[in-house]
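Q: I am new to this structure and would like to go through some parts of it. Could we begin with a term that will be needed on the way?

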Amino acid sequence: MPSNSIKIFTGNSHPELANLIARRLGIPLGKAVVSKYSNQETSVTIGESVRDEDVFLIQTGSGEINDNLVEILIMISACKTASARRVTAVMPCFPYARQDKKDKSRAPVSAKLIANMLTVAGCDHVITMDLHASQIQGFFDIPVDNLYAEPSSLKYIRDNIPDYKNKAIIVSPDAGGAKRATAIADRLGIDFALIHKERKVANQVARMVLVGNVKDKVAILVDDMADTCGTLAKAAETLVANGATQVYAIVTHGILSGNALDIINKSPLTKVVVTNTIPHADKKALCSKIDTLDVSATLAEAVRRTHNGESVSYLFTHAVE
């Protein structure tokens with residue numbers, strides 16, 4: 001009897017990333033048609049047998065986020081009812097991850113709802129990257145591998161910032177990201193600073209206070225996601241006002257919504273480095289400050305190790321070439 005093989009399918013959220021992962025693994029993308037009927041219902045047709053196969057569905061949380069979510073739910077269900085041995089959802093940017101707690105009366109914990117939906121659809125395993133809050137893994141009753149962009153970020157700093165040991169400083173743009181920033185600073189052996197921000201209304205920062213010394217340093221802001229980029233721009237202004245010579249921003253998920261590109265172009269940011277967990281080629285064409293970190297190798301290696309029953313913990317600390 002032949003052993004089961006890897007089958008990779010993609011929805012419409014990020015086919016470029018799916019192609020990169022498949023190419024890295026040396027296998028073709030599986031045949032699947034994901035479209036809409038005229039009444040806007042999602043239609044999924046899996047175009048090849050998945051019976052007793054190890055199926056990986058690649059779909060990230062970006063763009064038409066609700067449509068993309070429904071696509072992967074239907075794809076999971078289609079593969080399970082077609083007798084797939086195991087179905088793994090590869091969701092580099094987990095949708096609704098910022099709605100991870102009940103922070104006011106009658107607020108939903110939407111990330112938990114998404115976890116329940118994936119599980120009920122028949123998902124056996126989830127691979128994601130840099131969850132907004134790592135405790136989201138606890139919302140699932142199935143295994144969740146939360147990969148990190150940190151190894152790729154460290155490689156970028158070592159390769160692109162001259163004399164970073166003496167000239168660079170890692171900065172967290174808010175208190176919530178302090179743990180992420182200190183981990184990077186410790187691994188590079190350089191200093192760390194923190195920006196405290198006060199918000200009066202959602203998505204608008206009223207005031208920023210710098211804790212630490214950035215004078216004559218290359219400041220490197222690190223965060224898990226950049227949405228409207230207002231925080232990054234204000235943080236960059238604060239750092240330059242406090243004597244920083246250059247300001248880089250290294251962000252895992254470049255959502256870049258609204259007028260984010262205008263904000264970046266007008267800000268003192270030298271570069272905004274984002275991974276390709278979310279497609280941004282069109283935005284990169286309009287903003288020369290955006291650099292891309294390719295994490296497809298890390299995701300592909302996670303898929304390979306999952307299929308072979310190997311540990312993925314190596315990927316938490318090492319960049320894959």
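A: A residue counts as buried when its relative accessible area is under 20%, as exposed when that area is over 50%, and as partly exposed in between. Please note that this is a predicted model.

Q: Then is Thr-42 buried or exposed?
A: Thr-42 has a relative accessible area of 17%, so it counts as buried.

Q: Where does Thr-42 lie?
A: Thr-42 is part of strand β3, which covers residues 42-46.

Q: And what is Thr-42 in contact with, leaving aside its neighbours within four places in sequence?
A: With those neighbours left aside, Thr-42 makes contact with Val-34, Ser-35, Val-70, Glu-71 and Ile-74.

Q: On to His-280: buried or exposed?
A: His-280 is buried, since its relative accessible area is 5%. The residue sits in the loop that runs between β13 (271-275) and α9 (281-286).

Q: Which residues does His-280 touch, not counting those up to four places away in sequence?
A: Those touched by His-280 on that count are Val-274, Thr-275, Ile-290 and Thr-292.

Q: At what angle do the axes of α1 and α10 cross?
A: The axes of helix α1 (residues 15-25) and helix α10 (residues 296-308) cross at roughly 60° and come within 9 Å. That angle makes α1 oblique to α10. The crossing of the two is right-handed.

Q: Which residues of α1 and α10 meet?
A: From α1 there are Leu-17, Leu-20, Ile-21, Arg-24 and Leu-25, and from α10 there are Ser-296, Ala-297, Leu-299, Ala-300, Val-303 and Arg-304. The residues of this contact between α1 and α10 comprise eight nonpolar, one polar and two charged.

Q: What about α2 and α3: at what angle do their axes cross?
A: The axes of helix α2 (residues 65-81) and α3 cross at roughly 25° and come within 8 Å. The angle is under 35 degrees, and α2 and α3 are therefore roughly parallel to each other.

Q: Which residues meet in that pair, α2 and α3?
A: Leu-69, Ile-72, Leu-73, Ile-76, Ser-77 and Lys-80 of α2 meet Ile-114, Met-117, Leu-118 and Ala-121 of α3. By class, the contact of α2 with α3 has eight nonpolar residues, one polar and one charged.

Q: How do the axes of α4 and α6 cross?
A: The axes of helix α4 (residues 150-160) and helix α6 (residues 178-188) come within 11 Å, at a crossing angle of roughly 50°. This makes α4 oblique to α6. The crossing in which α4 passes α6 is right-handed.

Q: Which residues are in the contact of α4 with α6?
A: Glu-150, Leu-154, Ile-157 and Arg-158 in α4 meet Ala-183, Ile-184, Arg-187 and Leu-188 in α6. This contact of α4 with α6 has five nonpolar and three charged residues, with no polar ones.

Q: Leu-188 is in that list. What lies 2.9 Å from its backbone oxygen?
A: It is a polar atom of the side chain of Lys-165 that lies 2.9 Å from the backbone oxygen of Leu-188. Lys-165 belongs to helix α5 (residues 164-167). At 49% relative accessibility, Lys-165 is partly exposed.

Q: What else is Lys-165 in contact with?
A: Leaving aside neighbours within four places in sequence, the contacts of Lys-165 are Leu-188, Gly-189 and Ile-190.

Q: A new topic: what is the phi of Tyr-96?
A: Tyr-96 is not a glycine, yet its phi is positive, at about 65°. The loop between β5 (86-91) and α3 (110-121) holds Tyr-96. Its relative accessible area of 26% makes Tyr-96 partly exposed.

Q: And what is the phi of Arg-106?
A: Arg-106, a residue other than glycine, has a positive phi near 65°. Arg-106 is located in the loop between β5 and α3. With a relative accessible area of 76%, Arg-106 is exposed.

Definitions and conventions:
Residues are numbered from 1 along each chain as its sequence is written. This is a predicted model: local features need pLDDT of at least 70, side-chain atom pairs count only at pLDDT 80 or more; totals for chains, interfaces and linings use all residues. Side-chain values use heavy atoms; hydrogens and water are left out. Axes are lines fitted to C-alpha atoms, for helices over the stretch in contact, and angles run from 0 to 180 degrees between N-to-C directions. Helices (H or I, at least four residues) and strands (E, at least two) are DSSP runs, numbered from the N terminus. Angles under 35 degrees count as roughly parallel, over 145 as roughly antiparallel, 65 to 115 as roughly perpendicular and the rest as oblique. A crossing is left-handed if the near helix is turned anticlockwise from the far one by less than a right angle, and right-handed if clockwise. Contact means heavy atoms within 4.5 Å. Ala, Val, Leu, Ile, Met, Phe, Trp, Tyr, Cys and Pro count as nonpolar, Asp, Glu, Lys and Arg as charged, and the others, Gly among them, as polar. Buried means under 20% relative accessible area, exposed over 50%, partly exposed in between (1.4 Å probe, protein chains only). A polar contact is a pair of N or O atoms within 3.5 Å; within protein, one must be able to donate a hydrogen and the other to accept it, and residues adjacent in sequence count only if both atoms are side-chain atoms.
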